[in-house]
Amino acid sequence: MTTQVAVDIDGRRVTIPAGTTALDAADAAGVRIPTLCHHPDLRDVGSCRLCMVEVEGQAGLQAACTYPVTADLRLRTDSPRVVDARRGVLELLMGEHPDRCPECVRTGECELQALATEYGVGPAPARVSRPLQLVDLLGPAVTVDLDACIGCLRCVRTCAELQDLGILGVVGRGSSTAVSTYLGLPLAEVSCIACGQCINRCPTGALRPVDRTAELFAALADPTKHVVIQTAPAPRAAIGEEFGFEPGTPLTWQLNTALRRLGFDRVFDTSFAADLTVIEEGAELLVRLYENLVLGSSTHPLPLLTSCSPGWVTDLEHRDPDHLAHLSSCRSPQQMFGSLIKTWYAQQEGRDPADIVSVSLMPCTAKKFEATRPELTHDGRPDVDMALTTRELAAMMRARGIGLADVPASDFDDPFGTASGSGVIFGVTGGVMESALRTVIELVTGRPAEDYFSHADITPVRGFEGVRSIEVTLDRVGPVPPILAHLLPNLEWLRGTTLRCAVAHGTANAHAVMEDLRAGGRFSTYHFIEVMACPGGCLGGGGQPVPTSATVRAARARSIYAEDARYGQTGRARKSHENPAVLRLYRDLLTDGPGGPTSHRLLHTTYTGRGTYVGATR
Amino acid sequence: MLTPPVADLALVADLDALLAEHGADRSALLPVLAGLRRRHGEISDAAMQLVAARLGIPPVEVLGVVTFYSFLRGGSARHVVRVCRTLACELAGAPDVWARLEREVGAPAGEATSDGAVVVERVHCIGRCDHAPALLVDDRALDDVTPADAAALVASLRGEARPT
């Protein structure tokens, strides 16, 4: 049993397990200690020295975040000496910080700005304000303003430890120490996957997404442009945080109204395309199972890896190009939708695709990169013109005085209107797996998923464990459903098969799974693995509101699962293959069925092996 | 992870030998880099990426270590002469030694001689204060140096091969 120790913090007493840091002890006692380099998702390094406290019996101040309490102890966090030391740290930081808060993307949400305000520390009087110089303007998704960097190294720890990527590092020594990429190369030239987790954990505006909102405002004001937006489920569960709502407040329907007020001509639901993904990817899984288990062909090997997360796709292209054949050929929901908007929708509406501006609201910075992929274009035009992050949309709304409180609800626009609950849970880690299993179980067994999982809630794949597994035994098979009739002769060969599936979120967990797979470990015997690049899945994406923490992500997940459950209660479809708009699309457009030539042209894609070697020509 | 395409076969052979000696994990980084610096002079882009790939760590981490330690930096000259510029050596006459070295080498600090034989660098304390002024010639300390010693040193280094 862990020894308990008693800590007295500014006169408040608390008993905690020995080894708890002074910072956590203070938190348990309800005493707030200001921090900058500390982040709840990251290992503490004690570099900013803002959390210094007086420890009884010690001459110098100690950094609370890295001071483990091992015996009964008295701490002071509010003495004049401590407050002076904190102000000193803030004065040094602000002395080097650019004097341009009003034009900074992070203003109002900047941790340094908030603390400087709290302690009454302004920018240094002699500080010469330089114009904003973004390094790496070539990066399609993430850019860096090194002037605003305070050297807390939260980005470096995020990149190296949380995500196991190691794109950002610390270079140089002493006063010339700086956060840098390898040789200072643009992010576009190193194996950055644009997950944006560094942006989410930057306390200032030093890391930021590539911002194209000015261009979007211009398009919205242009009467010759038909501007449509698709909204992904994760931003809808989080954007409230930008407007003072508690984390986990679902605002899907209010957001629809707000987007129309902002000037969008049509508002679509990315979850519709998620449903389409379930059908296409479910069919792909069954075909791969047939090829591998019955025909003995491993051209399209198992396990099938999901391809919805563009950060993950890029990561695999860089780190593991030999395993690209495992990746589902399905485009991500954003890109399936983008493709349909610039082709079928344009045709239905009688519009020139050149006049359509196709925007997406995403939780994700990697979606910005994905939208620029040359293979995801039609006639030289991108299928998705602009991928907007949750934070960027919130800033646009604030700039136009549009909020979300007291905004009436409204539905999505036709012809894509309805999505199912399955499409909604794509926003959380495990959601793609749960949606796919609901559909695959029903298509194969001919029985409702509810017969296998209560309320069709596949709870083993829910939660935030880094890697989660589930086995589903197909104890019976039905006749081949019409939607699969062109792909499979029968389903008898699946009778009694146990599907082995796994879910991984965060690239560090994905790397562990891939290492096991390469070594011929248990994951090499699996059939289907969902991977999301970001911790928590899309709801923890690099474009989501700050701050982020396990608590915030759990609240967003609850909101998304609640929306799925509500679909069931209000008579909307909860399973992708029951989505009437999706079925209509297979009747009217994708007439050769899932995985057919039309689907392949519009909804599937190819990948590029990139490797990790940087700049072979230099 | 793909192994970077490296044309320098001597580099690959030396790295293999260093990995065999020090192990092929992250903890071998510093001795491996020191070994490469000794045998090849400047640690090149290709060398850093190759080391990263072999040790299974990101290239930027290798760069971080190379740029942190001044002994891992420097040009590709066969010999490095480091002149201490800290107080004890300064007081004991390092500036005269420094001036003479610069004249003999015929190149400013950090720049190699035209024949690629010698580079002179000014460094922080090398821990020989009791024998100031002191130099570090490659891995060897030279104590109580006079300007005349410095001239003789440069002349002899021009004729010597790279230390191994």
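Author: Leaving aside its neighbours within four places in sequence, B:Cys89 is in contact (C-beta atoms, placed from the backbone, within 7 Å) with B:Cys84, B:Ala94, B:Ala132, B:Pro133 and B:Ala134. This is a predicted model, in which local features need pLDDT of at least 70 and side-chain atom pairs count only at pLDDT 80 or more, while totals for chains, interfaces and linings use all residues. Residues are numbered from 1 along each chain as its sequence is written, and chains are lettered from A and ligands numbered from 1 in the order in which they are written.

B:Cys89 belongs to helix 5 (residues 87-91) of chain B; helices (H or I, at least four residues) and strands (E, at least two) are DSSP runs, numbered from the N terminus. B:Cys89 is buried, with 24 other C-beta atoms within 10 Å. Here a residue is buried if 20 or more other C-beta atoms lie within 10 Å of its own, exposed if 12 or fewer, and partly exposed in between, with the C-beta atoms placed from the backbone.

Beyond its neighbours within four places in sequence, B:Cys84 touches B:Cys89, B:Ala94, B:Val123, B:Cys125, B:Ile126, B:Pro133 and B:Ala134.

An unreviewed UniProt entry carries the annotation "binding site" for B:Cys84, B:Cys89, B:Cys125 and B:Cys129. These four residues span 46 residues in sequence, yet no two of their C-alpha atoms are more than 9.3 Å apart, so they gather at one spot. UniProt positions are given in the numbering used here, feature names are shortened, and such annotations may be inferred rather than shown by experiment.

The peptide bond that joins B:Ala132 to B:Pro133 is cis, with omega about -5°. B:Pro133 is placed in the loop between strand 2 (118-123) and strand 3 (135-137) of chain B.

The wider chain may now be considered. Chain B is divided into domain 1 (9-72) and domain 2 (79-158), with bounds that come from an automatic or database domain assignment. The C-alpha centres of the two domains of chain B lie 27 Å apart. Helix 1 (residues 9-22) of chain B has 14 residues and reaches 20 Å from its first C-alpha to its last, close to the expected 20 Å; the expected span is 1.5 Å times one less than the number of residues. B:Gly23 follows helix 1 of chain B and has a positive phi, near 90°.

Chain B also meets chain A: 15 residues of chain B are in contact with 20 residues of chain A. On the side of chain B that touches chain A, the elements giving two or more residues are helix 3 (45-55) and helix 4 (59-68) of chain B. Helix 4 of chain B gives the most, with seven residues. The residues on this side of chain B divide into ten nonpolar, three polar and two charged, where Ala, Val, Leu, Ile, Met, Phe, Trp, Tyr, Cys and Pro count as nonpolar, Asp, Glu, Lys and Arg as charged, and the others, Gly among them, as polar.

Chain A has a cis peptide bond of its own, from A:Val546 to A:Pro547, with omega near 0°. A:Pro547 lies in the loop between strand 19 (528-532) and helix 17 (550-569) of chain A. Helix 17 of chain A has 20 residues and reaches 29 Å from first C-alpha to last, close to the 28 Å expected. Its buried residues include A:Val552, A:Arg556, A:Ile560 and A:Tyr567. Among the elements that cover the buried residues of helix 17 are helix 7 (233-236), helix 8 (252-262) and helix 14 of chain A. Just after helix 17, A:Gly571 takes a positive phi of about 80°.

Two residues of chain A other than glycine also have positive phi. A:Asp406, with phi near 55°, is found in the loop between helix 13 (390-399) and helix 14 (421-424) of chain A. A:Asp406 is exposed, with 6 other C-beta atoms within 10 Å. A:His455, with phi near 60°, lies in the loop between helix 15 (431-445) and strand 17 (467-473) of chain A. A:His455 counts as exposed, with 12 C-beta neighbours inside 10 Å.

Definitions and conventions: Contact = placed C-beta atoms within 7 Å.
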